[in-house]
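Student: Could we go through the salt bridges of this structure together?
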Amino acid sequence: LVIRLLINFPDQVLWALVPMARSRDVDRAASAKQIIAIARNGKADTTGMRADRELIQQFAQVADQLVKLCNYMPKPMAKTGRPPKSFSLLQTFPALASLMPTRVMIPTQKSLTATLPPAGTNPTDHKPFPARTETLFELRDAVTVLASLQRPKKLTVIGDDSEHYGFLCKPKDDLRKDLRMMEFTTMLNRLLARDAGSRKRRLYLRTFSVIPLTEDCGIIEWVPHTIGFRQIIQQLYTEAGLYNPKTSTNDIKQLYENYKGRNPASWMKEIVSRHPPVFHRWFLERWKEPAAWFAARTAFSHTAAVWSMVGHVVGLGDRHGENILFDSTTGDAVHVDFSCLFDKGLELELPERVPFRLTQNLVDGLGVGGYEGVFMRVCEITLTVLRSHREALMSVLETFVHDPLVEWTKSSSRD
(Lines give C-alpha, C1' and ligand atoms only; values in the text may rest on other atoms or scores of the structure.)
Protein backbone atom coordinates (compact mmCIF):
# COMPACT_ATOMS: atom_id res chain seq x y z
CA LEU A 1 0.00 0.00 0.00
CA VAL A 2 2.77 2.46 0.89
CA ILE A 3 4.57 1.65 -2.38
CA ARG A 4 1.40 2.39 -4.34
CA LEU A 5 0.97 5.65 -2.47
CA LEU A 6 4.59 6.55 -3.23
CA ILE A 7 4.08 5.89 -6.92
CA ASN A 8 0.80 7.80 -7.18
CA PHE A 9 1.48 10.67 -4.73
CA PRO A 10 5.29 10.96 -4.63
CA ASP A 11 5.45 14.65 -3.61
CA GLN A 12 3.52 14.15 -0.39
CA VAL A 13 4.75 10.67 0.54
CA LEU A 14 8.45 11.38 0.02
CA TRP A 15 8.46 14.20 2.59
CA ALA A 16 7.55 11.56 5.18
CA LEU A 17 9.44 8.58 3.78
CA VAL A 18 12.85 10.07 2.93
CA PRO A 19 13.43 11.46 6.47
CA MET A 20 12.24 8.13 7.92
CA ALA A 21 15.09 6.44 6.09
CA ARG A 22 17.45 8.47 8.33
CA SER A 23 15.84 7.27 11.54
CA ARG A 24 17.99 6.09 14.44
CA ASP A 25 15.61 3.16 14.82
CA VAL A 26 17.18 0.44 12.71
CA ASP A 27 13.90 -1.28 11.84
CA ARG A 28 12.13 1.94 10.82
CA ALA A 29 15.06 3.07 8.68
CA ALA A 30 15.34 -0.35 7.02
CA SER A 31 11.60 -0.43 6.22
CA ALA A 32 11.70 3.03 4.66
CA LYS A 33 14.80 2.22 2.59
CA GLN A 34 13.23 -1.02 1.41
CA ILE A 35 10.03 0.72 0.30
CA ILE A 36 12.01 3.37 -1.60
CA ALA A 37 14.22 0.73 -3.23
CA ILE A 38 11.25 -1.41 -4.33
CA ALA A 39 9.42 1.62 -5.72
CA ARG A 40 12.53 2.86 -7.51
CA ASN A 41 13.57 -0.46 -9.04
CA GLY A 42 10.24 -2.26 -9.21
CA LYS A 43 7.77 -2.72 -12.01
CA ALA A 44 4.85 -0.48 -12.81
CA ASP A 45 1.74 -0.77 -10.64
CA THR A 46 -1.72 -1.78 -11.87
CA THR A 47 -2.26 1.69 -13.38
CA GLY A 48 0.96 1.48 -15.39
CA MET A 49 2.72 4.13 -13.31
CA ARG A 50 6.30 3.81 -12.11
CA ALA A 51 8.17 5.58 -9.33
CA ASP A 52 9.99 8.73 -10.40
CA ARG A 53 13.65 7.80 -9.77
CA GLU A 54 14.98 11.30 -10.46
CA LEU A 55 12.50 12.86 -8.03
CA ILE A 56 13.40 10.36 -5.29
CA GLN A 57 17.08 11.19 -5.76
CA GLN A 58 16.40 14.95 -5.55
CA PHE A 59 14.35 14.51 -2.38
CA ALA A 60 17.20 12.57 -0.75
CA GLN A 61 19.78 15.22 -1.68
CA VAL A 62 17.63 18.12 -0.46
CA ALA A 63 16.81 16.31 2.80
CA ASP A 64 20.51 15.63 3.47
CA GLN A 65 21.40 19.30 3.03
CA LEU A 66 18.47 20.51 5.14
CA VAL A 67 19.60 18.30 8.04
CA LYS A 68 23.04 19.92 7.86
CA LEU A 69 21.45 23.38 7.76
CA CYS A 70 19.29 22.64 10.81
CA ASN A 71 22.26 21.45 12.87
CA TYR A 72 24.62 24.21 11.74
CA MET A 73 25.76 26.49 14.58
CA PRO A 74 27.24 29.79 13.33
CA LYS A 75 30.53 30.79 14.94
CA PRO A 76 30.37 33.79 17.28
CA MET A 77 31.54 37.09 15.84
CA ALA A 78 35.05 38.14 16.91
CA LYS A 79 34.05 41.66 18.00
CA THR A 80 30.98 40.85 20.12
CA GLY A 81 31.37 37.15 20.89
CA ARG A 82 27.73 36.64 19.87
CA PRO A 83 26.38 34.53 17.01
CA PRO A 84 25.63 36.49 13.83
CA LYS A 85 22.03 37.48 13.07
CA SER A 86 22.32 36.02 9.57
CA PHE A 87 24.70 34.23 7.24
CA SER A 88 25.08 33.56 3.52
CA LEU A 89 23.58 30.30 2.29
CA LEU A 90 25.67 30.34 -0.88
CA GLN A 91 28.93 30.63 1.05
CA THR A 92 28.05 28.26 3.91
CA PHE A 93 26.00 25.63 2.06
CA PRO A 94 26.99 25.82 -1.62
CA ALA A 95 25.90 22.20 -2.14
CA LEU A 96 22.32 23.05 -1.15
CA ALA A 97 22.23 26.16 -3.32
CA SER A 98 23.62 24.23 -6.30
CA LEU A 99 20.68 21.78 -6.22
CA MET A 100 18.27 24.51 -7.28
CA PRO A 101 16.01 24.49 -9.22
CA THR A 102 14.46 21.14 -8.34
CA ARG A 103 11.22 19.28 -8.83
CA VAL A 104 10.86 18.84 -5.04
CA MET A 105 7.52 20.09 -3.76
CA ILE A 106 7.55 22.94 -1.23
CA PRO A 107 6.04 21.28 1.91
CA THR A 108 3.28 23.74 2.77
CA GLN A 109 0.23 22.68 4.75
CA LYS A 110 -2.01 23.24 1.74
CA SER A 111 0.05 20.92 -0.45
CA LEU A 112 0.38 18.16 2.17
CA THR A 113 -3.24 18.00 3.38
CA ALA A 114 -5.50 15.49 1.66
CA THR A 115 -9.16 16.33 1.09
CA LEU A 116 -11.92 13.75 1.35
CA PRO A 117 -14.42 13.25 -1.49
CA PRO A 118 -17.83 14.92 -0.97
CA ALA A 119 -20.71 12.68 0.07
CA GLY A 120 -22.55 11.09 -2.82
CA THR A 121 -19.69 11.42 -5.32
CA ASN A 122 -17.55 8.78 -7.00
CA PRO A 123 -14.35 8.40 -4.93
CA THR A 124 -12.40 7.08 -7.92
CA ASP A 125 -12.63 10.48 -9.62
CA HIS A 126 -11.55 12.42 -6.54
CA LYS A 127 -8.17 14.16 -6.43
CA PRO A 128 -7.07 14.32 -2.75
CA PHE A 129 -4.25 16.81 -3.32
CA PRO A 130 -4.03 20.06 -5.32
CA ALA A 131 -3.63 19.56 -9.06
CA ARG A 132 -0.57 21.79 -9.06
CA THR A 133 1.96 22.13 -6.26
CA GLU A 134 4.80 24.65 -6.06
CA THR A 135 8.36 23.33 -6.29
CA LEU A 136 11.72 24.50 -4.94
CA PHE A 137 13.08 26.89 -7.55
CA GLU A 138 15.51 29.07 -5.59
CA LEU A 139 16.68 29.80 -2.04
CA ARG A 140 17.29 33.28 -0.67
CA ASP A 141 20.95 33.76 0.16
CA ALA A 142 20.36 35.46 3.54
CA VAL A 143 19.47 32.96 6.30
CA THR A 144 18.26 34.57 9.54
CA VAL A 145 19.51 33.17 12.87
CA LEU A 146 16.93 33.57 15.63
CA ALA A 147 17.95 34.58 19.14
CA SER A 148 16.48 31.61 21.05
CA LEU A 149 18.66 29.03 22.84
CA GLN A 150 19.04 26.45 20.05
CA ARG A 151 19.65 29.11 17.35
CA PRO A 152 17.01 28.00 14.82
CA LYS A 153 17.30 29.45 11.33
CA LYS A 154 14.70 31.03 9.06
CA LEU A 155 15.09 29.85 5.48
CA THR A 156 13.19 31.60 2.69
CA VAL A 157 12.28 29.47 -0.31
CA ILE A 158 11.26 30.88 -3.69
CA GLY A 159 8.84 28.65 -5.55
CA ASP A 160 8.39 28.19 -9.28
CA ASP A 161 5.40 30.51 -8.89
CA SER A 162 7.80 33.33 -7.79
CA GLU A 163 6.21 33.41 -4.32
CA HIS A 164 8.30 33.41 -1.13
CA TYR A 165 7.77 30.70 1.51
CA GLY A 166 9.40 30.82 4.94
CA PHE A 167 10.51 27.78 6.95
CA LEU A 168 12.02 27.47 10.41
CA CYS A 169 14.97 25.07 10.51
CA LYS A 170 14.91 23.79 14.09
CA PRO A 171 17.73 21.72 15.65
CA LYS A 172 17.84 19.58 18.80
CA ASP A 173 14.10 18.95 19.01
CA ASP A 174 11.94 15.95 18.19
CA LEU A 175 9.35 17.55 15.91
CA ARG A 176 7.20 14.42 15.80
CA LYS A 177 5.28 15.93 18.73
CA ASP A 178 4.51 19.01 16.66
CA LEU A 179 3.60 16.84 13.66
CA ARG A 180 1.13 14.75 15.68
CA MET A 181 -0.34 17.92 17.16
CA MET A 182 -0.93 19.32 13.68
CA GLU A 183 -2.56 16.04 12.64
CA PHE A 184 -4.76 16.29 15.73
CA THR A 185 -5.80 19.87 14.96
CA THR A 186 -6.39 19.05 11.28
CA MET A 187 -8.74 16.26 12.33
CA LEU A 188 -10.43 18.59 14.82
CA ASN A 189 -10.96 21.22 12.11
CA ARG A 190 -12.89 18.65 10.06
CA LEU A 191 -15.00 17.71 13.07
CA LEU A 192 -15.68 21.36 13.93
CA ALA A 193 -16.87 21.93 10.37
CA ARG A 194 -19.49 19.17 10.81
CA ASP A 195 -20.94 20.56 14.05
CA ALA A 196 -23.81 23.04 13.60
CA GLY A 197 -22.86 25.32 16.50
CA SER A 198 -19.23 25.36 15.48
CA ARG A 199 -20.00 25.87 11.80
CA LYS A 200 -22.22 28.83 12.67
CA ARG A 201 -19.28 30.53 14.43
CA ARG A 202 -16.71 29.34 11.86
CA LEU A 203 -14.52 27.76 14.52
CA TYR A 204 -11.16 26.43 13.41
CA LEU A 205 -7.49 26.28 14.35
CA ARG A 206 -4.64 27.62 12.24
CA THR A 207 -2.39 24.78 11.13
CA PHE A 208 1.02 24.68 9.48
CA SER A 209 3.26 21.97 8.08
CA VAL A 210 5.85 20.19 10.22
CA ILE A 211 8.53 18.02 8.60
CA PRO A 212 10.71 15.98 11.00
CA LEU A 213 13.92 15.34 9.06
CA THR A 214 15.43 13.19 11.83
CA GLU A 215 14.51 12.45 15.44
CA ASP A 216 16.23 15.65 16.58
CA CYS A 217 15.73 18.23 13.82
CA GLY A 218 13.28 19.32 11.17
CA ILE A 219 11.61 22.22 9.38
CA ILE A 220 8.39 24.05 10.25
CA GLU A 221 6.32 26.20 7.91
CA TRP A 222 6.58 29.87 8.86
CA VAL A 223 3.16 31.35 9.68
CA PRO A 224 3.00 34.75 7.91
CA HIS A 225 1.61 37.99 9.35
CA THR A 226 2.01 36.83 12.96
CA ILE A 227 3.48 38.62 15.95
CA GLY A 228 4.34 37.17 19.36
CA PHE A 229 2.15 37.89 22.40
CA ARG A 230 5.22 38.95 24.37
CA GLN A 231 6.24 41.45 21.70
CA ILE A 232 2.75 42.96 21.63
CA ILE A 233 2.51 43.38 25.41
CA GLN A 234 6.04 44.73 25.80
CA GLN A 235 5.38 47.34 23.12
CA LEU A 236 2.13 48.42 24.78
CA TYR A 237 3.78 48.63 28.20
CA THR A 238 6.69 50.60 26.75
CA GLU A 239 4.31 53.09 25.16
CA ALA A 240 2.51 53.46 28.50
CA GLY A 241 5.80 53.99 30.37
CA LEU A 242 5.39 50.73 32.34
CA TYR A 243 8.28 48.81 30.79
CA ASN A 244 11.94 49.62 30.24
CA PRO A 245 13.86 47.05 28.16
CA LYS A 246 17.07 47.77 30.07
CA THR A 247 15.83 47.65 33.67
CA SER A 248 12.37 46.05 33.94
CA THR A 249 13.49 42.42 33.64
CA ASN A 250 16.10 42.82 36.38
CA ASP A 251 13.57 44.64 38.57
CA ILE A 252 11.13 41.72 38.30
CA LYS A 253 13.90 39.20 39.04
CA GLN A 254 14.87 41.19 42.14
CA LEU A 255 11.25 41.35 43.24
CA TYR A 256 11.00 37.57 42.83
CA GLU A 257 14.09 37.08 45.01
CA ASN A 258 12.64 39.36 47.69
CA TYR A 259 9.41 37.34 47.79
CA LYS A 260 11.10 33.92 47.63
CA GLY A 261 9.86 31.66 50.42
CA ARG A 262 6.62 33.58 50.86
CA ASN A 263 3.19 32.89 49.44
CA PRO A 264 3.49 33.05 45.61
CA ALA A 265 0.13 34.83 45.45
CA SER A 266 1.63 37.90 47.15
CA TRP A 267 4.37 38.14 44.50
CA MET A 268 1.83 37.74 41.71
CA LYS A 269 -0.38 40.41 43.25
CA GLU A 270 2.55 42.84 43.26
CA ILE A 271 3.45 42.03 39.64
CA VAL A 272 -0.14 42.43 38.42
CA SER A 273 -0.52 45.77 40.20
CA ARG A 274 2.56 47.06 38.37
CA HIS A 275 1.38 45.76 34.99
CA PRO A 276 -2.34 46.45 34.43
CA PRO A 277 -4.04 44.74 31.46
CA VAL A 278 -3.50 46.58 28.17
CA PHE A 279 -4.11 43.97 25.45
CA HIS A 280 -7.41 45.55 24.36
CA ARG A 281 -5.43 48.51 23.06
CA TRP A 282 -3.73 46.36 20.44
CA PHE A 283 -7.10 45.70 18.78
CA LEU A 284 -8.05 49.38 18.98
CA GLU A 285 -4.77 50.52 17.42
CA ARG A 286 -4.58 47.78 14.81
CA TRP A 287 -8.17 47.92 13.54
CA LYS A 288 -9.48 51.49 13.45
CA GLU A 289 -12.79 50.75 11.73
CA PRO A 290 -15.45 49.44 14.20
CA ALA A 291 -16.60 46.46 12.10
CA ALA A 292 -13.01 45.31 11.49
CA TRP A 293 -12.18 45.76 15.20
CA PHE A 294 -15.17 43.66 16.24
CA ALA A 295 -14.35 40.92 13.69
CA ALA A 296 -10.73 40.74 14.87
CA ARG A 297 -11.68 40.60 18.55
CA THR A 298 -14.27 37.90 17.83
CA ALA A 299 -11.69 35.88 15.86
CA PHE A 300 -9.32 36.16 18.82
CA SER A 301 -12.01 35.02 21.27
CA HIS A 302 -12.95 32.03 19.10
CA THR A 303 -9.43 30.78 18.37
CA ALA A 304 -8.19 31.41 21.92
CA ALA A 305 -11.09 29.37 23.33
CA VAL A 306 -10.59 26.45 20.94
CA TRP A 307 -6.85 26.37 21.62
CA SER A 308 -7.44 26.53 25.38
CA MET A 309 -9.69 23.47 25.32
CA VAL A 310 -7.43 21.52 22.99
CA GLY A 311 -4.41 22.39 25.12
CA HIS A 312 -6.22 21.27 28.26
CA VAL A 313 -7.20 17.91 26.72
CA VAL A 314 -3.71 17.05 25.41
CA GLY A 315 -1.87 18.51 28.44
CA LEU A 316 -0.14 21.29 26.50
CA GLY A 317 2.22 23.41 28.57
CA ASP A 318 4.98 26.00 28.15
CA ARG A 319 2.52 28.61 26.90
CA HIS A 320 4.77 31.62 27.39
CA GLY A 321 4.50 34.81 25.37
CA GLU A 322 6.66 33.62 22.49
CA ASN A 323 4.69 30.41 21.92
CA ILE A 324 1.41 32.27 21.43
CA LEU A 325 1.22 34.30 18.23
CA PHE A 326 -1.48 36.57 16.84
CA ASP A 327 -2.31 37.19 13.21
CA SER A 328 -2.00 40.92 12.59
CA THR A 329 -4.51 40.73 9.70
CA THR A 330 -7.32 38.68 11.27
CA GLY A 331 -6.74 38.62 15.06
CA ASP A 332 -6.48 34.81 15.16
CA ALA A 333 -4.51 33.20 17.98
CA VAL A 334 -1.85 30.75 16.72
CA HIS A 335 -0.01 28.39 19.07
CA VAL A 336 3.46 27.03 18.23
CA ASP A 337 6.07 24.77 19.86
CA PHE A 338 4.34 21.67 21.18
CA SER A 339 7.33 20.11 22.93
CA CYS A 340 5.60 20.19 26.33
CA LEU A 341 2.73 17.73 25.78
CA PHE A 342 0.83 15.27 27.97
CA ASP A 343 1.22 17.28 31.20
CA LYS A 344 5.00 17.31 30.95
CA GLY A 345 4.80 20.74 32.59
CA LEU A 346 3.89 19.05 35.88
CA GLU A 347 7.39 17.54 36.00
CA LEU A 348 9.17 20.93 35.85
CA GLU A 349 11.03 22.36 38.84
CA LEU A 350 8.14 24.80 39.22
CA PRO A 351 5.18 22.68 38.04
CA GLU A 352 2.66 24.21 35.64
CA ARG A 353 -0.64 23.54 37.36
CA VAL A 354 -2.92 25.73 35.21
CA PRO A 355 -4.84 23.85 32.48
CA PHE A 356 -4.34 26.65 29.95
CA ARG A 357 -3.15 30.25 29.80
CA LEU A 358 -5.81 32.84 30.63
CA THR A 359 -3.89 35.70 32.23
CA GLN A 360 -5.27 39.18 32.86
CA ASN A 361 -4.09 40.52 29.48
CA LEU A 362 -5.78 37.69 27.55
CA VAL A 363 -9.01 38.30 29.48
CA ASP A 364 -8.65 42.00 28.70
CA GLY A 365 -8.60 41.24 24.97
CA LEU A 366 -11.94 39.38 25.21
CA GLY A 367 -13.88 42.59 25.80
CA VAL A 368 -16.26 43.77 28.51
CA GLY A 369 -17.78 40.29 28.90
CA GLY A 370 -14.41 38.81 29.76
CA TYR A 371 -14.30 35.03 29.70
CA GLU A 372 -18.01 34.73 30.58
CA GLY A 373 -19.13 35.65 27.09
CA VAL A 374 -18.12 34.36 23.68
CA PHE A 375 -15.06 32.63 25.12
CA MET A 376 -17.02 30.39 27.49
CA ARG A 377 -19.62 29.43 24.87
CA VAL A 378 -16.94 28.43 22.36
CA CYS A 379 -15.19 26.41 25.08
CA GLU A 380 -18.42 24.49 25.65
CA ILE A 381 -18.87 23.80 21.94
CA THR A 382 -15.26 22.68 21.51
CA LEU A 383 -15.41 20.31 24.49
CA THR A 384 -18.66 18.85 23.17
CA VAL A 385 -17.04 18.13 19.80
CA LEU A 386 -13.94 16.66 21.47
CA ARG A 387 -16.04 14.33 23.64
CA SER A 388 -18.37 13.30 20.82
CA HIS A 389 -15.48 12.25 18.57
CA ARG A 390 -12.96 11.04 21.13
CA GLU A 391 -12.36 7.74 19.31
CA ALA A 392 -11.37 9.47 16.06
CA LEU A 393 -9.13 11.93 17.86
CA MET A 394 -7.53 9.23 20.01
CA SER A 395 -6.60 7.32 16.86
CA VAL A 396 -4.29 10.22 15.97
CA LEU A 397 -2.64 10.26 19.39
CA GLU A 398 -2.27 6.46 19.44
CA THR A 399 0.49 6.79 16.85
CA PHE A 400 2.76 7.75 19.77
CA VAL A 401 2.40 4.17 21.01
CA HIS A 402 3.82 2.75 17.77
CA ASP A 403 6.24 5.63 17.14
CA PRO A 404 7.44 6.72 20.60
CA LEU A 405 9.44 9.89 21.10
CA VAL A 406 13.19 9.78 21.71
CA GLU A 407 12.75 11.20 25.22
CA TRP A 408 10.29 8.42 26.04
CA THR A 409 12.64 5.68 24.89
CA LYS A 410 15.48 7.25 26.90
CA SER A 411 13.38 7.44 30.05
CA SER A 412 12.14 3.85 29.66
CA SER A 413 15.71 2.60 29.25
CA ARG A 414 16.72 4.39 32.44
CA ASP A 415 13.79 2.85 34.29
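This is a predicted model: local features need pLDDT of at least 70, side-chain atom pairs count only at pLDDT 80 or more; totals for chains, interfaces and linings use all residues.

Student: Which residue does D64 meet in a salt bridge?

Tutor: Its partner is R22, with 2.6 Å from N to O. D64 lies in helix α4 (residues 53–71), whereas R22 sits in the loop between α2 (10–20) and α3 (26–41), so the pair ties together parts that are 42 residues apart in sequence.

Student: Are those two side chains buried, exposed or partly exposed, and what are the values for D64 and R22?

Tutor: D64 counts as partly exposed at 35% relative accessibility. R22 is partly exposed as well, with a relative accessible area of 26%.

Student: Changing topic, what does D327 pair with?

Tutor: D327 forms a salt bridge with R206, and the closest N and O atoms are 2.6 Å apart. Because D327 belongs to strand β9 (residues 324–327) and R206 to the loop between α9 (196–201) and β6 (210–214), this pair ties together parts that are 121 residues apart in sequence.

Student: Is R206 buried or exposed?

Tutor: R206 is buried, and D327 is buried too.

Student: And where do R281 and E285 lie?

Tutor: Both are in helix α13 (residues 280–286), four residues apart, so about one helical turn separates them. R281 is partly exposed at 23% relative accessibility, and E285 is partly exposed with a relative accessible area of 36%.

Student: Which residues are joined into one network?

Tutor: K170, D173, K177 and D337 are joined by salt bridges that share partners.

Notes: Residues are numbered from 1 along each chain as its sequence is written. Side-chain values use heavy atoms; hydrogens and water are left out. A salt bridge is a side-chain nitrogen of Lys or Arg within 4 Å of a carboxyl oxygen of Asp or Glu. Helices (H or I, at least four residues) and strands (E, at least two) are DSSP runs, numbered from the N terminus. Buried means under 20% relative accessible area, exposed over 50%, partly exposed in between (1.4 Å probe, protein chains only).
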